[in-house]
Amino acid sequence: MKVQVSNTNSPVWRDITVKSHLPSELSKLSEIAKNIWWVWNYEAKRMFASIDPKIWTKTQHNPVLLLELVGYDRLNELKKDKAFLSRMDAVYTEFKEYVNEKPNKKNPTIAYFSMEYGMTNVLKIYSGGLGVLAGDYLKEASDCNIDLTAVGFMYRYGYFTQGLSMEGQQVANYEAQNFAHQPVEQVMEANGTPAILEVPFPDRIVYSYIWKVNVGRISLYLMDTDLTLNSEWDRSITHQLYGGDWENRMKQEYLLGVGGILLLNKLGIKKEVYHCNEGHAALINAQRLADYIEIEKLDFSVALELVRSSSLYTVHTPVPAGHDSFDEGLFSKYMGHFPQKLGISWQDFIDMGREHPGSDEKFSMSVFACNTCQEVNGVSELHGRVSQEMFNPIWKGYFPEELHVGYVTNGVHMPTWAAAEWQEFFKNEFPSEFWKDQSNEKLWEPIQKIADDKIWKVRTNLKNKLINYIRDQFKDQWLKNQGDPSKVVSIMDNINPNALIIGFGRRFATYKRAHLLFTDLERLSKIVNNEKFPVLFFFTGKAHPADGGGQALIKHIVEISRRPEFLGKVIFLENYDMLLAKRLVSGVDIWLNTPTRPLEASGTSGEKAEMNGVLNFSVKDGWWYEGYRKNAGWALTEHRTYQDQGHQDQLDAATIYAMLENEIIPLYYAKNSKGFSPEWIQFIKNSFTQIAPDYTTKRMLDDYIARFYSKLKKRSTSLKANNYDKAHTLATWKDNVVSKWDSIEVISITSQEELSRLAAVNEDYTIEVVLDLKGLDNQIGVEAVILGLEDGKQKVVSVNEFKLSKIEGNLHHFQLINKIQNSGEYKYAFRMFPKHEDLPHRQDFCYVRWI
């Protein structure tokens, strides 16, 4: 007899996607969900949350996924719920009135390019501050009715999700996004098929889907190369943000720049100003040059005038690692065909990305952006000056303080970052025009007269909201990585809502100095274990997977937080994203920032805290260098005491401890019979009235329009007029100056010894210079540059231009009569430079000869 055995094969599983069917009565919900306007409208978010609070939390506040997951029975309930339908109609009416408002045609039209955008935690196409700033900027452009179109990438995996191992080591997890569950829509052709962008790479075509994010009134278009038409090698271009090797980064920046312009061309979108948010997008100007040359049949020099006159480059970091540079071999692999397109040599082209043309330097995207954009700006006043120093080698012959590099201090989108509780408070207490004029200090003044207990009530509610969020969101994670469940219970028990809570959240780059607070653990232990005046510290942030130093710092802080004396009093919260950030910047009492001077370009987390009555305690660097006001926050000086960074760190740490012990903690705990400190509330009022109005994206966008966009629009329009007449004229003039520049002769410099003989201030001196300009009549200027010492560095004291006193044939006589106003030791020199009324600034045509 045959023994019976199992005879079963493996199951053949097939995928099936069952989508929720939204009743027609609720169709407005889908329309609202597909426009991220809901991110900054708290009534819309509350409406979605009311559909199913548990699913809303589970989806991390994603209305698109919420509508997919909510049950059939619940949807049937809602379509019959008159109260809900009325609420939905009210939100929908507000939404439609908002999006249907036409752009303000008085303002320039903008094309904006960025590697990342942080608009909501559910759309994972951002890593940190740069992306969140870009996302805030788009929202503000929408609110201000700017005709702006943005371009970026639809990352399949985005930036990593952070976990912690049992040992406290950062674990980077890359989780694929399901685009069907995101607030995006795919761009389709007229025949209903997906639109595909073809981007010519040197030896192949790279294909890209196009996704569209509706950001209120404006559009963000995202490229996605993860399609079967591409090789595996190219499908991964848009897989990870800041992932892969240098070649993948080169491919990404090629796609963002060259592909970004081709995308706009495909969609028929033309703008007046092209804005590079960081150097990653610099190659937009290579493609724009090619378009003018190949389509408009212009010469390279004319095309360059047109591209420059309509381009702005914003630099966000003084840290070298933030400026991408590529070896000539790798760069030529992808850009080697471009010189032929532009009608120039390879040497001329690659030199546009070098501080020292003709050298063997790598090709710098930042330098290329500087050379192809008329305007360049840093992101705070101090960072503007640091950027002038950083980019000074590009424009030889001028000193840093003479450069055209300007600044616009970053701000934050207040409707996104101010908690709903504060928004309701402002709505009830401030004038009706407040939200359209947030940067008007007068509209904030009423808060000074509001009862202290009203402000304290909002602050208390937000602290409790933060603590409840931490208990709900982190308990399971801590049980996984703490090992001992009793420790997790201890952490939960030690989170005291009545304690002074201090938050620190940012990217864990070493220059951010997250370690500073842990310099003296004995002193820190006394601070957090004072039963009468308890203090809690919340730390959070990610380190780049390739940044070993940053990851070691996270591990160090986690290890300290697990020590008995710090358990539940120093807490590290993993996976810093926009959802956690919103809770932190609104729920803590103090926002701490300790960067190495002057490496914080701006920093915006502290500005977000400002919008929530959270006080800042920071080094005076970045935005806080401008923002600090006495009795509205606390500051460590911007000046260094030691050149040795270790010694400076020790001093700064000691200063932080002392200020906590002697100023901040006593002020917070100077409580009255109502349970709060009136002096603390006055600090909050002062911070709202004296600081917050200046650090909104409303003020920031107004500054960009006033300082850069309007002048770019005006000049580029002028150069384009009459079939590019002025552009042709200016390019021809430059070519003529270049051809004669080296032949200009210095005939004489007379009476220059007078400067050396000056013995008294305010005493006139006269200098005369005679030049043979070789036919460049009235096209050359001469000036005296006087330097003096300031903080041990040579700084420009004055620049005085000579007047043309006489012309004899080709001989031009220049004369300067001037005086030195202050006593001291000085250096002086004379230089000549080209002059033309249509030059926007000297660095646009940087020819200088010292004589």
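The second largest cavity of the structure has a volume of about 70 Å³, where a cavity is a set of points on a 1 Å grid over the protein atoms alone at which a 1.4 Å probe fits but cannot get out, and where the volume is the space filled by probe spheres set on the points, joined across faces, edges and corners. The model is predicted, so that local features need pLDDT of at least 70 and side-chain atom pairs count only at pLDDT 80 or more, whereas totals for chains, interfaces and linings use all residues. Residues are numbered from 1 along each chain as its sequence is written, and side-chain values use heavy atoms, with hydrogens and water left out.

In total, the structure holds three cavities of 30 Å³ or more. At least two lining residues are supplied by each of strand S18 (590-593), helix H24 (605-610), strand S19 (615-619) and helix H25 (623-627), with helices (H or I, at least four residues) and strands (E, at least two) taken as DSSP runs numbered from the N terminus. By class, this lining has three nonpolar, eight polar and three charged residues, with Ala, Val, Leu, Ile, Met, Phe, Trp, Tyr, Cys and Pro counted as nonpolar, Asp, Glu, Lys and Arg as charged, and the others, Gly among them, as polar.

The largest nonpolar core has 148 residues, and Leu29, Phe48, Met119, Leu138, Leu148, Leu220 and Met250 are those with the most contacts inside it. Such a core is a set of buried Ala, Val, Leu, Ile, Met, Phe, Trp, Tyr and Cys residues joined through side-chain atoms within 4.5 Å, buried meaning under 20% relative accessible area, exposed over 50% and partly exposed in between (1.4 Å probe, protein chains only). Helix H28 (residues 697-741) contributes eleven residues, the largest share of this core. A second, separate core of 103 residues includes Ala418, Leu462, Ile470 and Ile691.

A search of the whole structure finds 61 aromatic pairs, defined for rings of Phe, Tyr and Trp (its six-membered ring) whose centres lie within 6.5 Å, with planes under 30 degrees apart counted as stacked, over 60 as edge-to-face and the rest as tilted. The ring centres of tryptophan 422 and phenylalanine 688 are 5.1 Å apart with the planes at 70°, and the pair is therefore edge-to-face. Because tryptophan 422 lies in helix H18 (residues 420-429) and phenylalanine 688 in helix H27 (residues 678-690), this pair ties together parts that are 266 residues apart in sequence. Both tryptophan 422 and phenylalanine 688 are buried. A tilted pair is formed by tryptophan 456 and phenylalanine 676, at 6.0 Å centre to centre and 35° between the planes. Tryptophan 456 is buried at a relative accessible area of 15%, as is phenylalanine 676 at 3%.

Alanine 632, in the loop between H25 and strand S20 (634-636), counts as buried at 0% relative accessibility. Leaving aside neighbours within four places in sequence, alanine 632 is in contact (heavy atoms within 4.5 Å) with Leu615, Trp624, Phe683, Asn686, Ser687 and Ile691. Arginine 156, found in the loop between strand S2 (148-153) and strand S3 (161-164), counts as buried at 19% relative accessibility.

Key: 1 Å grid on protein atoms, 1.4 Å probe; cavity = no way out; pocket = protein on both sides within 12 Å on 5 of 7 lines; lining within 4 Å.
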